[in-house]
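Here is a short report on one protein model. Look over the sequence and the fold before you read on.

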Amino acid sequence: MYIENLEKSIYNLITETSTNLPKDVRRAIAKAKQAENAGTRAAMSLDTIANNIQMADDNVSPICQDTGLPTFKIKTPIGVNQLEIKEAIKRAITAATADAKLRPNSVDSLTGENSGDNLGAGVPVMKFEQWENDYIEMKLILKGGGCENKNIQYSLPTELEGLGRAGRDLDGIRKCILHSVYQAQGQGCSAGFIGVGIGGDRSSGYDLAKEQLFRSVDDVNPHAQLAELEAYIVEKANTLGIGTMGFGGEATLLGCKIGVMHRIPASFYVSVAYNCWAYRRMAIDISPETGEIHNWHYQEGEKIEFNQQDTIEEEVKEVIRLEAPITEEKIRSLKVGDVVSISGRMYTGRDAIHHHLMSHDAPVDLNGQIIYHCGPVMQKDAEGNWHVRAAGPTTSIREEPYQGDIMKKFGIRAVIGKGGMGPKTLAALEEHGGVYLNAIGGAAQYYADCIKGVDGVDLMEFGIPEAMWHLRVEDFTAVVTMDSHGNSLHADVDKSSLEKLALHKERVF
């Protein structure tokens with residue numbers, strides 16, 4: 001009975017972490033939403049995020065389609081069988097994946113094959129520690145690839161763009177942390193949270209940084225200097241003007257937590273674990289006798305309930321309707337800042353699809369069509385029909401080596417993703433007549449609700465997240481952030497935020 005209860009407890013932990021943001025995170029997002037200027041792209045984004053949070057909670061479905069690499073940290077009393085816990089975690093992970101609470105994310109690094117059940121060499125991550133308490137503590141964080149890719153580590157002393165030299169002191173640490181927020185831009189689904197590890201070696205520094213993400217947003221660092229630095233970083237990061245999704249705005253960083261450990265004299269690392277607004281971490285206490293949960297963490301304070309309402313139409317003056325196939329003339333009439341609403345057909349395409357299309361024909365006619373950078377959470381019903389359970393955008397910059405060439409080769413007119421793309425794609429948009437549309441990162445339930453049917457799928461050999469899904473959509477909303485006239489909102493925000501970052505060059509600590 002203990003093993004059955006234990007597995008059920010872990011399954012519940014996984015489900016809660018994936019589908020229900022903790023109270024402290026909800027409060028931070030509500031505070032940012034209240035402070036944002038009405039009628040802006042940032043306000044629209046925060047409204048969408050709030051709606052998505054409530055939809056995920058109500059539907060018991062993933063907040064974001066990228067459910068990350070599940071990372072467990074477990075403390076056990078002396079005498080508890082950790083091998084049994086490992087096996088229970090694996091069974092719970094498999095069950096949660098089958099129930100579409102997790103996306104199958106475990107990929108063989110050599111062959112590219114997806115295991116389909118989130119198991120594999122080193123996956124999920126499980127880190128055990130013994131302690132003297134008489135119960136099991138189990139923490140779980142689901143950190144998606146978009147924000148994981150914006151993690152960064154600095155070796156002091158170093159030279160930082162906009163900030164100059166960062167030395168081996170508290171002020172050098174300050175500069176590194178501010179720079180870490182700047183370099184993330186909108187690619188990590190800002191407004192975000194950061195955990196910082198000072199000291200250690202390269203691996204222990206990152207572990208320490210990720211450990212800080214388990215702290216409450218509302219806590220105060222017991223180290224006085226670090227408490228002061230945490231407050232300073234949040235305040236100054238929000239003057240950079242990066243804003244939600246990198247659209248510009250008041251909310252760039254929602255929380256900063258810093259830990260410190262000793263180091264060897266030759267090395268001085270500052271490690272930063274960046275986490276998106278979809279800050280999915282939870283913890284439980286489990287009875288070692290019964291396997292049942294007897295306490296949930298992060299339950300202090302008020303739980304903000306967001307109203308489910310489509311406010312995008314209210315936040316913007318004009319919404320431009322699009323339906324594929326789209327003409328070049330229509331595309332060239334769009335400009336940066338336009339809000340579009342798409343109905344009709346779009347096709348998903350991520351890393352494997354883009355690599356494949358460089359040297360193969362497309363399985364469908366893509367002339368005038370839309371490619372969506374998305375790896376959805378999918379579930380098949382008893383009749384064999386596929387249903388979309390979560391479908392937000394993935395970070396687009398990974399496709400920069402391919403995107404422009406593929407658009408020209410196949411006649412693709414629009415690409416949807418998040419975080420923007422680089423100069424090669426921008427040049428191709430101008431030459432070919434295309435646009436880049438930024439959807440709201442992490443809003444997987446909001447966009448899943450816009451998808452009214454799955455009309456087909458190609459290239460399933462790449463796995464569910466990487467396959468080309470044929471989606472029928474209605475009123476799918478996104479913002480033009482790169483147009484066919486050489487304009488890029490992402491480049492503009494990067495430039496302006498770097499200028500604002502440079503204002504913090506002088507010594508503070």
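This is a predicted model: local features need pLDDT of at least 70, side-chain atom pairs count only at pLDDT 80 or more; totals for chains, interfaces and linings use all residues.

## Strand β13 and its neighbours

Start with a parallel pair. Strand β12 (residues 319-323) runs parallel to β13, and 5 bridges link the two.

With strand β20 (residues 468-482) the pairing is antiparallel, and 8 bridges join the two. Here R345 has R472 in β20 as its bridge partner. Strand β14 (residues 370-372) pairs with β13 in the parallel sense, over 2 bridges. T348 faces Y372 of β14.

## Buried or exposed?

How many of the 10 residues of β13 are buried? The count is 8, in a strand that spans residues 339-348. Strand β13 is therefore mostly covered, since buried means under 20% relative accessible area.

## The largest pocket

Now turn to the empty space. Rolling a probe the size of a water molecule over the atoms shows where such space is left. The largest pocket holds about 1,100 Å³. Its lining has 44 residues, and G68, L69, N105, S106 and V107 are the closest to the centre.

Which elements give two or more residues to this lining? Two are strands, β1 (71-77) and β2 (125-131). The others are the helices α5 (145-148), α7 (202-212) and α11 (351-357). Sorted by class, the lining of the largest pocket has 16 polar, 15 charged and 13 nonpolar residues.

## The second largest pocket

The second largest pocket has a volume of about 440 Å³. Its lining is made of 23 residues. Nearest the centre are K31, V234, L253, L254 and G255.

Which of them gives the largest share? Helix α2 does, with 6 residues.

By class, the lining of the second largest pocket splits into 12 nonpolar, 8 charged and 3 polar residues.

Methods. Residues are numbered from 1 along each chain as its sequence is written. Side-chain values use heavy atoms; hydrogens and water are left out. Buried means under 20% relative accessible area, exposed over 50%, partly exposed in between (1.4 Å probe, protein chains only). Helices (H or I, at least four residues) and strands (E, at least two) are DSSP runs, numbered from the N terminus. Two strands pair if DSSP finds at least two bridges between them. On a 1 Å grid over the protein atoms alone, a cavity is a set of points where a 1.4 Å probe fits but cannot get out, and a pocket is an open set with protein on both sides within 12 Å along at least five of seven lines; lining residues have an atom within 4 Å of a point. Grid points are joined across faces, edges and corners, and a volume is the space filled by probe spheres set on the points. Ala, Val, Leu, Ile, Met, Phe, Trp, Tyr, Cys and Pro count as nonpolar, Asp, Glu, Lys and Arg as charged, and the others, Gly among them, as polar.
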